[in-house]
Amino acid sequence: MKAMELTPTTVAQFDNTTMATRVSNFKKSAKKFFKATYRFLMVISPVYPQYVESQKRN
């Protein structure tokens, strides 16, 4: 097993990679949330029947 030196630089690099992962996960979650919200608003919208008909025609 390889030993790892614990220096401020290695800690900063580790924090940077975990933060990048968190930001990436947040972006994916936010995209899914906004997509689902848009779909929900389309369903409850009074123009939804016209939207469905236009999609069927295309």
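1. Phe40 counts as exposed because its relative accessibility is 52%; exposed means over 50%, buried under 20%, and partly exposed in between, with a 1.4 Å probe and protein chains only. This is a predicted model, where local features need pLDDT of at least 70, side-chain atom pairs count only at pLDDT 80 or more, and totals for chains, interfaces and linings use all residues. Residues are numbered from 1 along each chain as its sequence is written, and side-chain values use heavy atoms, leaving out hydrogens and water.

2. Phe40 sits in helix H1, residues 8-44. The chain has 2 helices and 0 strands. Both are DSSP runs numbered from the N terminus: helices are H or I with at least four residues, strands E with at least two.

3. Phe40 also belongs to a nonpolar surface patch with Leu41, Val43 and Ile44. Together they have about 410 Å² of accessible area, by the Shrake-Rupley method with a 1.4 Å probe, counting only the protein chains shown as cover for residues. Nonpolar side chains (Val, Leu, Ile, Met, Phe, Trp, Tyr) are joined within 5 Å, like charges within 9 Å.

4. Of the chain's 58 residues, 5% count as buried. The chain exposes about 5,800 Å², and carbon and sulfur atoms supply 65% of that area.

Definitions and conventions: Patches are made of residues with over 30% relative accessible area and no salt bridge: like charges are joined within 9 Å, nonpolar side chains (Val, Leu, Ile, Met, Phe, Trp, Tyr) within 5 Å. A salt bridge is a side-chain nitrogen of Lys or Arg within 4 Å of a carboxyl oxygen of Asp or Glu.
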